[in-house]
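Subject: Structure handover

Hello,

Here is the structure we talked about, for your files. My notes follow below it.

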Amino acid sequence: MSLVSYDLHDGGVLLLTVNRADKLNALNAEVFAALDEALARAAADDFVRAVVVTGAGPKAFVAGADIAEFPSLSSAQGTDLSRRGQQVFDRIERLGKPVVAAVNGFALGGGCELALACHVRVASETARFGLPEVGLGLIPGYGGTQRLPRVVGRGRALEMILSAEMVSAQRAYEIGLVNRVATPEALLADATALARTMAAKSPTALRLAIHAVLDSDAPLEDGLAREANLFGEAMGSADAKEGTTAFLEKRAPAFTGQ
Ligand code: COA
């Protein structure tokens, strides 16, 4: 079985599953390569309108980077490893299509960072989140020090990073780390339904909206200028003509992504 399975479902929803359950889906070089390849394929595949990312097995989403690879690494190799992880997770964030994490269990270290790179997070009641790196003599290196504060605020991010304590799905919901919580049985269906709702919208508008929001850390003036440009780009698209005309004609739009 592939380390990252690629299953296209109805409504243009692609399910990507990290398949390394015997090691709690820990991210080694092979998993990163498989994930990178699956993301490149998803980006190029016009049938894919939204993506759900999950982990195989009942126990873990992803329990982090593969610690077995770490003890022999030099400082320079550590920097390279961090850059590689960041690059793959950036690809998720910049995919141009909505990506929903369906967090089915432990989301630790790189697993928490993987979930953070997704646009929206749905967690099982049994999920647990944490950045345990400082307990290993390391720091989060796949975007955690940057994305976690942007999602939950600096104080809560520092609490999680410095204590290395895990938080429950309920707590993750309370601090805004996850968007929704589902029972373990309903998790995949709920995450897929949310992705399908997104997948039914204009692909062009989704891409532009993601772009606009991802750059919202810029100074307000710059962000507003970019928003106006992206809004104009959306307005000039065939999808906008279709969406607005369909509304006025009281029919469902048929978006083409043009
Ligand atoms: N890297 C490499 N292997 C990992 C791993 C990781 N991040 N997380 C789990 N595994 C492996 C275990 O070594 C074990 O392998 P084995 O069966 O060959 O011994 C297998 O996955 C099952 O994990 P185990 O620890 O036995 O499960 P558990 O239920 O007792 O504990 C965790 C679950 C998640 C609490 C525990 O596995 C853990 O703390 N993992 C590391 C989390 C971490 O620090 N991640 C950040 C890395 S930077």
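Two strands are counted as paired if DSSP finds at least two bridges between them. Strands (E, at least two residues) and helices (H or I, at least four) are DSSP runs, numbered from the N terminus. The model is predicted: local features need pLDDT of at least 70 and side-chain atom pairs count only at pLDDT 80 or more, while totals for chains, interfaces and linings use all residues. Residues are numbered from 1 along each chain as its sequence is written, and side-chain values use heavy atoms, with hydrogens and water left out.

The six-stranded sheet

Six strands form an open sheet with mixed pairing, in the order β1-β2-β3-β5-β7-β10. At its edges are β1 (4–9) and β10 (180–182), each of which pairs on one side only. From one strand to the next the twist averages 20°; axes here are lines fitted to C-alpha atoms, for helices over the stretch in contact, and angles run from 0 to 180 degrees between N-to-C directions.

β1 and β2 are antiparallel and share six bridges, with D7 opposite L15 in β2. They make a hairpin with three residues between the strands, and G11 in the turn has a positive phi of about 75°. Strands β5 (residues 99–103) and β7 (residues 120–124) run parallel and are joined by four bridges; V103 is opposite A123 in β7.

Helix α7 (residues 187–199) lies across β2 (13–18), β3 (50–55), β5, β7 and β10, and runs at about 175° to β5. Contact means heavy atoms within 4.5 Å.

The four-stranded sheet

A further open sheet has four strands in the order β4-β6-β8-β9, again with mixed pairing. Its edge strands, β4 (60–62) and β9 (167–168), have a single partner strand each, so one side of each is left without a neighbour in the sheet. β9 pairs with β8 (residues 128–130) in the antiparallel sense over two bridges, and R128 is opposite S168 in β9. Helix α3 (residues 110–117) packs on this sheet and touches β4, β6 (106–108) and β8, its direction making about 75° with that of β4.

The ligand

The ligand is surrounded by 15 residues, the closest being K23, K59, A63, A65 and I67; a residue is near if one of its heavy atoms lies within 4 Å. By class the shell has nine nonpolar, one polar and five charged residues. Ala, Val, Leu, Ile, Met, Phe, Trp, Tyr, Cys and Pro count as nonpolar, Asp, Glu, Lys and Arg as charged, and the others, Gly among them, as polar.

Polar contacts are pairs of N or O atoms within 3.5 Å. A polar side-chain atom of K23 is 2.5 Å from a ligand oxygen atom. Backbone N or O atoms of A63 and of I67 each lie 3.0 Å from a nitrogen atom of the ligand. The protein covers 60% of the 860 Å² of accessible area that the ligand has on its own, by the Shrake-Rupley method with a 1.4 Å probe.

Regards

Definitions and conventions:
A polar contact is a pair of N or O atoms within 3.5 Å; within protein, one must be able to donate a hydrogen and the other to accept it, and residues adjacent in sequence count only if both atoms are side-chain atoms.
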